Amino acid sequence: MPMSVYEAIWIFLIYAFLGWAVEVAFAAFCTGTFVNRGFLNGPICPVYGCGVLAVIVVLDPLRDNVFLLFAGSFVLVSAIEFLTGFLLEKLFHNKWWDYSERKFNICGYVCPLFSILWGIGCTLILRVFHPAIYKIIGFLPLLPGIAMLVAFCIVFGVDLAITVASILKFNERLRLLDEIAGKIKIVSDEIGENIYEGVAVAMEKGGELKESMDTKAAELRENIDVRAAEIKENIDVRASEFRESIDVRASEIKENIDVRAAGFKESVDLKAAQFKDARSEKRAERARLQHEYNRLLTENVTFGMKRLMRAFPRMKSRAYQEALLKWKGYWEEKRRK
C-alpha cells in the first residue's frame, strides 16, 4: 500500500488512466468506434483512480481473504461511485450515468451488476496487478518522478478547469434551447387560437345573420297569412292590393337582408384582416425563434460539448431533459451521416 503522498498520487493517476482505457475499450466493443468516455478531456477517469486508491489504502489488510476483499471492494467502490454521481449531479445539474433501467439500482447511480464487476476488478488488482505497479513506482528516481507528477497535475488541473467551463456552457446552451422551445410552443398555440377566434367570429356573425333572416321570413309568412285571410273576404278587390303589399314587404325584407349581409361581410372582412395580420406577425415570430433554435443546435458547438454528449450517452438533465434529447439526437444523426 502507498506509504507517502507521492506514491498515492502516482497510484491515483495510473489507475485513473487504466480505468479510462477500460472505458474506451468497452465503448469500442459496444459501438465499434472510439469514444472518449472520461469526464475530463484527457485520458483519465478520476473515479477509477479514487476507487482503486481507496481500496488499496483501506482494504490492503484483507488481501489474503478473497471473499472479504471482494465484499469490501463491492461496498467501498459502490459508495464512491454513488457519492461521485450524486455530487456531480448536484454541482452540474446533470446525471452523467444512469442505471435506472437495471434491476435493484440505487437512485440510478449504482447497480448490482457493475458493483460486482467493481468487486472482481479490485480483487484482481490488489492480489495480482498492484504489486507489480507498486514496484514500478518504486523504481522511478524521486526527483524525476516528482517533476513528472507536477507536470501531470498541472495538465490535470487545466483539463479540469476546461471541462468545468465546457459543462457550464453546455448547461447554458440547454437552458436557451429549452427557453426558445417553450416560446415556439406558446407562439404556435397563439396562432391556433387566432385561427379558432376567426372561425368563431365568422360563425357568430353567420348566426346573427341567420337569426335576422329567420325573423324577417317569419314576419313575411305572418303578413302573407293575414293578407290571405283578407283576400278570402274580397279576393277580387284585395288581390291587387295584396300583391302590391306583398311585393313592397318582400322588397323591404330583401333590402334589409342585403344591408345586414353587407354589414356582416364588412365586419367579417375586417376581423379576417385583423386575424390575418396577427397570424402573419406570429408566424414571423415563430420563424425567427425556430431559426434561433436551429442556430443553437448547430452553431458554435465546442469540442467539449460534443464530447460530453458522446461520452455519456445515458446522461440526463435535471431541468432540460427534452432539450438535451433533441440536441443529442441531432448530433448523433449528423455523426451517423
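First, the ground rules. This is a predicted model, where local features need pLDDT of at least 70, side-chain atom pairs count only at pLDDT 80 or more, and totals for chains, interfaces and linings use all residues. Residues are numbered from 1 along each chain as its sequence is written, and side-chain values use heavy atoms, with hydrogens and water left out.

Now confidence. pLDDT is the predictor's confidence in each residue, from 0 to 100. The protein has a mean pLDDT of 81. Of its residues, 74% reach 70 or more. Helices (H or I, at least four residues) and strands (E, at least two) are DSSP runs, numbered from the N terminus. Among the elements, helix α3 (residues 66-92) has the highest mean pLDDT, 93. Helix α6 (residues 235-298) has the lowest, 68.

Next, the helix pair. Two packed helices are described by the angle between their axes and the distance between the axes. The axes are lines fitted to C-alpha atoms, for helices over the stretch in contact, and angles run from 0 to 180 degrees between N-to-C directions. Helix α2 (residues 46-59) packs with α3 at about 140°, and their axes are 10 Å apart. What do we call that arrangement of α2 and α3? They are oblique to each other. The cut-offs: under 35 degrees is roughly parallel, over 145 roughly antiparallel, 65 to 115 roughly perpendicular, and the rest oblique.

Which residues make the contact? Contact means heavy atoms within 4.5 Å. From α2 they include Val47, Cys50 and Ala54. From α3 they include Leu69, Leu76 and Ile80. By class, the contact has 10 nonpolar, four polar and no charged residues. Here Ala, Val, Leu, Ile, Met, Phe, Trp, Tyr, Cys and Pro count as nonpolar, Asp, Glu, Lys and Arg as charged, and the others, Gly among them, as polar.

On to single residues. Asparagine 171 sits in helix α5 (residues 142-233). Is asparagine 171 buried or exposed? Its relative accessible area is 14%, so it is buried. Buried means under 20%, exposed over 50%, partly exposed in between, using a 1.4 Å probe and protein chains only. Leaving aside neighbours within four places in sequence, asparagine 171 contacts Phe92, Asn94 and Tyr320. Asparagine 94 is 77 residues away along the chain, yet the two C-alpha atoms are separated by 8.5 Å.

Last, phi. Most residues other than glycine have a negative phi. Histidine 93 has a positive phi of about 65°. Histidine 93 lies in the loop between α3 and β1 (94-95), and is partly exposed at 41%. Phenylalanine 104 has a positive phi of about 60°. Phenylalanine 104 is in the loop between β1 and α4 (112-139), and at 70% counts as exposed.
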